[in-house]
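Here is my note on the chain you sent. Please keep the structure open while you read.

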Amino acid sequence: MNGVLFFDGACGMCTRSVYFIRRLDRAGALQIVPFQQPGSEERLGLDTARMYTSSWWLDATGQVYGAAEGVNAALSAALGTRLPLLFYRIPGVRQLQDAVYRWIAGHRYRFPGTTPYCESHPVAC
């Protein structure tokens, strides 16, 4: 399950999170791209306002997953197992993860992180 994880490159917490997921990627199945990178909207088929609401996973088949589902899909690719995505799809787990994700995404600039990706890689943004 190869793909691309699009994230908010201006967010330090988001940058720290994708670096963590990338460290888990043993198979090289994961790419990370800040959604500020030109062309991201077209690749995802989203408008700018919607794109900024969460992170996004674009798998090799062209399927797009957002928010908690997208993070679980990226974890599945990084770990080389569909278990995170299957766990997410258990009734009740999905609703809980979605609620937690929405809250965190809405407050993401308040959390500690690292130097935002777009500050350390300005050419990519």
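This is a predicted model: local features need pLDDT of at least 70, side-chain atom pairs count only at pLDDT 80 or more; totals for chains, interfaces and linings use all residues.

1. Fold. The chain has seven helices and four strands.

2. Dimensions. A compact globule of 125 residues would have a radius of gyration near 14 Å, and the chain, at 14 Å, agrees with that. Along the principal axes, the C-alpha atoms fill a box of roughly 40 × 30 × 30 Å.

3. Packing and surface. Buried residues make up 46% of the 125 in the chain. Take the contacts between residues at least 6 apart in sequence: 63% of them join residues at least 24 apart. The accessible surface is about 6800 Å². Carbon and sulfur atoms account for 58% of that surface.

4. Disulfide. The count is one disulfide. Cys 118 pairs with Cys 125, with 2.0 Å between the sulfur atoms. The S-S torsion of Cys 118 and Cys 125 is about -85 degrees, so this disulfide is left-handed. A disulfide is a covalent bond between two cysteine sulfurs.

5. How exposed are the two partners? Cys 118 is buried, at 16% relative accessible area. Cys 125 is partly exposed, at 28%; the cut-off for buried is under 20%. Two further cysteines deserve a look. Cys 11 is buried, with 0% relative accessibility. Cys 14 is buried too, at 13%.

6. First charged pair. The structure holds two salt bridges. One joins the side chains of Asp 8 and Arg 108, at 3.0 Å from N to O. Asp 8 sits in the loop between β1 (3–7) and α1 (12–24), and Arg 108 in the loop between α6 (93–106) and α7 (117–120), so the pair ties together parts 100 residues apart in sequence. Both Asp 8 and Arg 108 are buried.

7. Glu 69 and Arg 89 meet through their side chains in a salt bridge of 3.2 Å, N to O. Glu 69 belongs to helix α4 (residues 67–79), while Arg 89 lies in the loop between α5 (83–88) and α6, so this pair ties together parts 20 residues apart in sequence. Glu 69 is buried, with a relative accessible area of 17%. Arg 89 is partly exposed, at 33%.

Definitions and conventions
Residues are numbered from 1 along each chain as its sequence is written. Side-chain values use heavy atoms; hydrogens and water are left out. A disulfide is a pair of cysteine sulfur atoms within 2.5 Å. Buried means under 20% relative accessible area, exposed over 50%, partly exposed in between (1.4 Å probe, protein chains only). A salt bridge is a side-chain nitrogen of Lys or Arg within 4 Å of a carboxyl oxygen of Asp or Glu. Helices (H or I, at least four residues) and strands (E, at least two) are DSSP runs, numbered from the N terminus. The radius of gyration is taken over C-alpha atoms; the globule rule is 2.2 Å times the number of residues to the power 0.38. Contact means heavy atoms within 4.5 Å. Accessible areas come from the Shrake-Rupley method with a 1.4 Å probe; for residues, only the protein chains shown count as cover.
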